[in-house]
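Hello,

Here is the structure I promised to pass on to you. Have a look at it first, and then read on for what turned up in it.

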Amino acid sequence: MKPPYEDTLLHEKLKEYFGFSSFKGNQEAVIRNVLAGRDTFVLMPTGGGKSLCYQLPALLMEGVAIVISPLIALMKNQVDAMRTFSTESGIAHFLNSSLNKSAVAQVRNDVLAGKTKLLYFAPESLTKEDNVAFLRKIKVSFYAIDEAHCISEWGHDFRPEYRRIRPIINEIGHAPLIALTATATPKVQLDIQKNLGMSEASVFRSSFNRPNLYYEIRPKNDVDRDIIRFIKQNEGKSGIVYCLSRKKVEELTELLIANGIRALAYHAGMDAQTRARNQDDFLMERVEVIVATIAFGMGIDKPDVRYVIHYDIPKSLEGYYQETGRAGRDGGEGHCLTFYSYKDIQKLEKFMQGKPIAEQEIGKLLLLETVSYAESSMCRRKTLLHYFGEDYTEDNCGNCDNCRNPKPRIDARASLKTALEALRDIGDKFKSDYLINVLTGKTTALIKSYGHHKSKWFGAGAEHDQRYWGAVLRQALILGLVDKNIENYGLISVNAKGEQFILMPTPVTITLDHDYDEQERESDSVVPVGKGGAADEELFSMLKDLRKKVAKKHGLPPFVVFQDPSLEDMSVQYPVTLEELQNITGVGVGKARRFGEEFVRLIKAYVEEKEIIRPQDMIVKSVGSKSGSKIFIIQSIDRKMDFEDIARAKDLDFDELLTEIEAIVNSGTRLDISYYIREFMDEDKADDIYLYFREDAQSDSLDEAIEELGADYTEEEIRLVRIKFICEQGN
Ligand code: ADP
Ligand code: MG
Ligand code: ZN
């Protein structure tokens, strides 16, 4: 059969509408399939170019394409983008709850007038009766279901409304379907096809491998410090840190800021405006790091995110793949770092307890896959891709922690044979953990009820522990000797290739799993700062002398250079580089650059001369518990908000607000409050106070200042100017 569109014509249209000179990946094949009127199923990783797979055919085919997509924001972006491709602004529209009556009427007019080629819906709007009635009147070219994994409870983003798509389509009228998703395990794929009634669809599956992503799992011992260090080592690069709870997001953001990192928070509990602004600040690189719940990231298209950190283990590998997938979209560096502790898994299981049993079961199985991924010392890439039904055959991917630091391999030929034989005998009604319990001889109620505690396999592998058998079974799955039942998820059985192996075992080696929790060392996770008193009195007094000298050189009072707690901290921590100096209490980037050089030089010489062994690890600045408002204050001042408004928003009186600001400034953060002083203070007065601190002050004491300056100046005025002064001269 002659293709309905000649090669050249399709390429011309691609160029004409979208300005691209060639198709990406499977796009062309997919588009031809849609144009031929066949049902089409597209599995393509995020960024692969799924939208074009329905946008281009929609423009070429007769009638209107109905596009179903879960998020209003995504829809709006796409419609805006489509309009730029065409001179006809009615070419694409969306119909959702955000439109008023007249806007809806406009859309319908355009559709009826034949101007519209794509009509976007959220599933809940599609199911509305008057929309259905309207759509019955028009010619639908095809239905596109984007983010189709939302149909499946086994996906990471189940939306019950998606289940109603098929019945509604039946009501509206028959037309071909195209379903698209970036996450489909074989299980999810089956669900989607079944639910949409498109089992016969042509399936186009792209590889989900992202060769540039580096996957790493670390034990979660001292996670705050590890994250701070990681971010500092990657200074200037954009990164995302995912946490499971909003509370953790807020805490960590604060901790990062206290440690001199430009970070912002993002979670669904924040108001829409703040969220949009923080997202924007991240996209525009006004901040380096966004700390977020998984609410952040859908539709974010920042190509140069250089790392994605999971503070907590994700609930499923689908989620993990999606979230890590936001790193390195431009094909450049993308470091995916996850902190793992089995305790987190137990916490997650506890959270599930309130949910319906069926949902709990699913949740647990998905979680189990994550545990298996995390603990395995097999290639991460291989494990991940296998999970998505893809066979990755390289022995060493060279770009994951397990491949870069391989564990010694041990011969597992005999064990594998034992496991397969045992599985064959007990049958195909059980999950891996059941088989492992049988092999290790662990009597459970379930095993008793099936009588397998009397089987010859019971305890047949007792010389090894559960972890060992877990690794053996995982190997069997990866080698394709054992199948996982997709319909009844998680049940395993020996397949033909496995039978073959039992008859004629071939050499097989495995690596034992990581035991992250065993690696957990006793650690003082966050070292409190400002413990008071200098440990090294000699150094402390040398530093004080130096401070005097430096202050003189700059024509500044010594307290502006560094305050005493900073010098004390230096004589405990012995920072010898500017980088390390920034971890000293009260020292931010600005201060370190401005005055730090001579101090670290002195300390370095001192350390060398005295052969001092320095505390090895970086010191993390902790944040006080009452500082929930700190970030808010910093951000508000950055945005030049009125102090009264800031105080009101945080339920502080003005005096308390100033105290908070002073604390922020004294810990080395630079704030620019001149906008406020300009507006609310007499300029001459402000200059007088400034001059006092600049020329006369012996210390930053407020009482002394009040005494010296006299009654013409209020305490508040003096404090305000002092803040400005410390920021400009010191921080
Ligand atoms: P997905 O929905 O699969 O995540 P998108 O449809 O959003 O991906 O496309 C991702 C990016 O790829 C977009 O910036 C899009 O403009 C671009 N793109 C799509 N097709 C092509 C192509 N044929 N050539 C170049 N860029 C393309
Ligand atoms: Mg998309
Ligand atoms: Zn690897």
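Let me start with a loop: Asp651 sits in the one between helix 29 and helix 30 (654-666), where helices (H or I, at least four residues) and strands (E, at least two) are DSSP runs numbered from the N terminus. Before going further, please keep in mind that this is a predicted model, in which local features need pLDDT of at least 70 and side-chain atom pairs count only at pLDDT 80 or more, while totals for chains, interfaces and linings use all residues. Residues are numbered from 1 along each chain as its sequence is written, chains are lettered from A and ligands numbered from 1 in the order in which they are written, and side-chain values use heavy atoms, with hydrogens and water left out.

Asp651 has a positive phi, near 60 degrees, and is not a glycine. Most residues other than glycine have a negative phi. Asp651 is exposed, with a relative accessible area of 69%; here buried means under 20% relative accessible area, exposed over 50%, and partly exposed in between (1.4 Å probe, protein chains only). Lys640, also not a glycine, has a positive phi of about 60 degrees. Lys640 belongs to the loop between helix 28 (630-638) and helix 29 (643-649), and its 49% relative accessibility makes it partly exposed.

Which residues are around ligand 1? They are Phe20, Ser22, Phe23, Lys24, Gln27, Pro45, Thr46, Gly47, Gly48, Gly49, Lys50 and Ser51, taking a residue as near if one of its heavy atoms lies within 4 Å. This shell divides into three nonpolar, seven polar and two charged residues. In that count Ala, Val, Leu, Ile, Met, Phe, Trp, Tyr, Cys and Pro are nonpolar, Asp, Glu, Lys and Arg are charged, and the others, Gly among them, are polar.

A polar side-chain atom of Lys50 is 2.7 Å from an oxygen atom of ligand 1, and an N or O atom in the side chain of Gln27 is 2.9 Å from a nitrogen atom of ligand 1. Gly48 takes part through a backbone N or O atom, 3.4 Å from an oxygen atom of ligand 1. Ligand 1 taken alone exposes 570 Å², and the protein buries 69% of that (Shrake-Rupley method, 1.4 Å probe).

Next, the strands, which pair if DSSP finds at least two bridges between them. Strand 1 (residues 40-43) points Thr40 and Val42 one way and Phe41 and Leu43 the other, and all are buried. Strand 1 runs parallel to strand 7 (residues 202-205), joined by four bridges, with Arg205 as the bridge partner of Leu43. Strand 1 also pairs in the parallel sense with strand 6 (residues 177-181), again over four bridges, and there Leu180 is the partner of Val42. Elsewhere, strand 3 (residues 92-95) and strand 4 (residues 118-121) pair in the parallel sense over four bridges, and His93 stands opposite Leu119.

Finally, a helix: eight of the eight residues of helix 13 (residues 317-324) are buried, including Tyr320 and Tyr321.

Happy browsing, and best wishes

How values were computed: Polar contact = N/O pair within 3.5 Å; in protein donor to acceptor, adjacent residues only side chain to side chain.
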